[in-house]
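Hi,

Here is the structure I promised to pass on. Have a look at it first, then read my notes below.

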Amino acid sequence: MKVIAISGSLRTGSSNLELLRTATALAPQGMHIELWEGAGALPHFNPDLDEGEPPQRVAEFRELLRSADGVIICSPEYAHGVPGSLKNALDWLVSDGTLAGKPVMIVTIAPTRGTFAHAQLAETLRTMSWNVIEEASLMLRKSEEARERLRASLEMLAISSASPRRDR
Ligand SMILES: Cc1cc2nc3c(=O)[nH]c(=O)nc-3n(C[C@H](O)[C@H](O)[C@H](O)COP(=O)(O)O)c2cc1C
């Protein structure tokens, strides 16, 4: 089972990225978690660029997600919202109907636990018809709070990714 992990922070010392690295080590048997760190290199979303062939990096990103059984998004909160680079990456996926039903687990790490960003991410992903696994999702103040809860969340993501709601 292949899971793609996306960090909403581009910071080198990011706590969100650190949590995703921890997740790769805690993955249940049979799950391989691959970190995708390309958000900062995607072009700004422009529907004009999405007519015909999309930009190469966008095409590769979509292909990677198509090949995934599940997705983890781990993000900070910026000004009560989703960081722009992450929202930009998601905007490039809106038109890709082949990703509908994709199981996704949302984690936010921020001093306020990222409640606003978490709600916005869930709303955006549901609008894209992704399958947000609420029982696996976490809101944390610090990445180190997470180890045991993360292990349980990954187990829940594994179950949803093994039996998706619909054909993908
Ligand atoms: C521009 C900016 C805006 C922020 N706004 C919020 C906010 O609205 N709520 C919050 O809880 N934290 C806010 N923070 C703090 C970050 O969410 C927090 O530092 C987070 O842990 C950063 O994640 P990272 O370590 O993965 O980069 C903000 C940080 C920055 C740089």
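Between which strand and which helix does the loop with H80 lie? H80 sits in the loop between β3 (70–75) and α3 (84–91). Before going on, two things about the model. It is a predicted one, where local features need pLDDT of at least 70, side-chain atom pairs count only at pLDDT 80 or more, and totals for chains, interfaces and linings use all residues. Residues are numbered from 1 along each chain as its sequence is written. As for the labels, helices (H or I, at least four residues) and strands (E, at least two) are DSSP runs, numbered from the N terminus.

**Two residues with a positive phi**

Most residues other than glycine have a negative phi, and most peptide bonds are trans. H80 is not a glycine, yet its phi is positive, about 60°. H80 is partly exposed, because 13 other C-beta atoms lie within 10 Å. The cut-offs here: a residue is buried if 20 or more other C-beta atoms lie within 10 Å of its own, exposed if 12 or fewer, and partly exposed in between, with C-beta atoms placed from the backbone.

R113 also has a positive phi, of about 75°, and is not a glycine. You'll find R113 in the loop between β4 and α4. R113 has 17 other C-beta atoms within 10 Å, so R113 is partly exposed.

Now look at R141, in the loop between β6 (138–140) and α5. R141 and R113 are 28 residues apart in sequence, but 4.8 Å apart in space, C-alpha to C-alpha. If you leave aside neighbours within four places in sequence, R141 is in contact with P111 and R113; contact means that the C-beta atoms of two residues, placed from the backbone, lie within 7 Å. R141 counts as partly exposed because it has 15 C-beta neighbours inside 10 Å.

**Around the ligand**

Which residues come nearest to the ligand? Of the 15 residues around the ligand, those are S9, S14, P76, A110 and T112 (near means that the C-beta atom, placed from the backbone, lies within 6 Å of the molecule or strand). The shell holds 6 nonpolar, 7 polar and 2 charged residues. For these classes, Ala, Val, Leu, Ile, Met, Phe, Trp, Tyr, Cys and Pro count as nonpolar, Asp, Glu, Lys and Arg as charged, and the others, Gly among them, as polar.

A110 is in the loop between β4 (103–109) and α4 (115–127). Is A110 buried or exposed? It counts as buried, because A110 has 23 C-beta neighbours inside 10 Å. Apart from neighbours within four places in sequence, A110 is in contact with P76, E77 and A117. A110 and P28 are 82 residues apart in sequence, and their C-alpha atoms are 26 Å apart in space.

**Where α1 meets α5**

Two packed helices are described by the angle between their axes and the distance between the axes. The axes of α1 (residues 15–26) and α5 (residues 147–162) come within 10 Å and cross at roughly 60°. (Axes are lines fitted to C-alpha atoms, for helices over the stretch in contact, and angles run from 0 to 180 degrees between N-to-C directions.) That makes α1 oblique to α5, since angles under 35 degrees count as roughly parallel, over 145 as roughly antiparallel, 65 to 115 as roughly perpendicular and the rest as oblique.

Which residues meet there? T22, A23 and L26 in α1 meet R147, L150, R151 and L154 in α5. The residues of this contact divide into 4 nonpolar, 1 polar and 2 charged.

A23 is worth a click: it is buried, because 25 other C-beta atoms lie within 10 Å. Not counting residues up to four places away in sequence, A23 touches A5, I33, I72, L150 and L154.

Finally, T12 is in the loop between β1 (2–7) and α1. T12 has 6 C-beta neighbours inside 10 Å, so T12 counts as exposed.

Cheers
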